[in-house]
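Please open the model in a viewer and keep the selection panel at hand. The stops below are meant to be visited in order.

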Amino acid sequence: MLKHLRKKKIIFMVVEKVLKEKQAELGFSHISIKDNVAKISVVGSGVKTSKGVAATVFRLLYENNINLRLISTSEIKIAVFVDKSSADLAVEKIHQYFIK
């Protein structure tokens with residue numbers, strides 16, 4: 001009987017040098033470095049208590065043609081990874097909407 005083995009992707013945001021130093025210890029056979037991305041986070045208790053925060057963030061990015069590379073959420077945080085070239089615009093639009 002053959003077992004189907006699937007490779008899993010794990011994404012970390014760390015200093016490149018540290019990741020390379022720990023590659024063998026962590027048991028990764030391959031590391032792909034992406035240094036052209038920016039992480040933008042919306043953090044606060046309102047993320048949990050207000051409806052539609054994530055949808056609003058995603059809509060603002062979509063309306064401004066900002067592509068999401070990765071989304072990470074928790075009860076009080078929405079983090080998105082975007083191209084570095086779009087980071088300033090993304091922060092500006094999110095800030096304009098939520099902070100006014």
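Throughout this tour, a residue is called buried under 20% relative accessible area, exposed over 50%, and partly exposed in between, with a 1.4 Å probe and protein chains only. The model is predicted, so local features need pLDDT of at least 70 and side-chain atom pairs count only at pLDDT 80 or more, while totals for chains, interfaces and linings use all residues. Residues are numbered from 1 along each chain as its sequence is written, and side-chain values use heavy atoms, with hydrogens and water left out.

**Stop 1: salt bridges**

A salt bridge here is a side-chain nitrogen of Lys or Arg within 4 Å of a carboxyl oxygen of Asp or Glu. Side chains of opposite charge can pair when their charged atoms come close. The whole structure contains six salt bridges; three of them follow.

Select Lys-48 and Glu-75, whose closest N and O atoms are 3.6 Å apart in a salt bridge. Lys-48 belongs to helix α2 (residues 45-49) and Glu-75 to the loop between β2 (68-73) and β3 (77-83), so this pair ties together parts that are 27 residues apart in sequence. Helices (H or I, at least four residues) and strands (E, at least two) are DSSP runs, numbered from the N terminus. Lys-48 and Glu-75 are both exposed.

Next, select Lys-17 and Glu-21, a salt bridge with 3.9 Å between the closest N and O atoms. Both residues lie in helix α1 (residues 16-26), four residues apart, about one turn of the helix. Lys-17 and Glu-21 are both exposed.

Then move to Arg-59 and Glu-63, where the closest N and O atoms of the salt bridge are 3.2 Å apart. This pair lies within helix α3, again four residues apart, about one turn of the helix. Arg-59 has 35% relative accessibility and therefore counts as partly exposed; Glu-63, with a relative accessible area of 47%, is partly exposed.

**Stop 2: the crossing of α3 and α4**

Display helix α3 (residues 53-63) together with helix α4 (residues 84-98): their axes come within 10 Å and cross at roughly 135°. Axes are lines fitted to C-alpha atoms, for helices over the stretch in contact, and angles run from 0 to 180 degrees between N-to-C directions. The angle makes α3 oblique to α4, given that angles under 35 degrees count as roughly parallel, over 145 as roughly antiparallel, 65 to 115 as roughly perpendicular and the rest as oblique.

Which residues make the contact (heavy atoms within 4.5 Å)? On α3, select Val-53, Thr-56, Val-57, Arg-59, Leu-60 and Leu-61; on α4, select Ala-90, Lys-93, Ile-94, Tyr-97 and Phe-98.

Now centre on Lys-93 in helix α4. Lys-93 is partly exposed, with a relative accessible area of 24%. Leaving aside neighbours within four places in sequence, Lys-93 is in contact with Leu-60 and Asn-64. A distance label from Lys-93 to Lys-51, 42 residues apart along the chain, shows their C-alpha atoms separated by 19 Å.

**Stop 3**

Return to helix α3 and select Ala-54, which counts as partly exposed at 26% relative accessibility.

Finally, select Asn-65 in the loop between α3 and β2. Most residues other than glycine have a negative phi, and most peptide bonds are trans. Asn-65 has a positive phi of about 55° although it is not a glycine. Asn-65 is exposed, with a relative accessible area of 68%.

Technical notes. Contact = heavy atoms within 4.5 Å.
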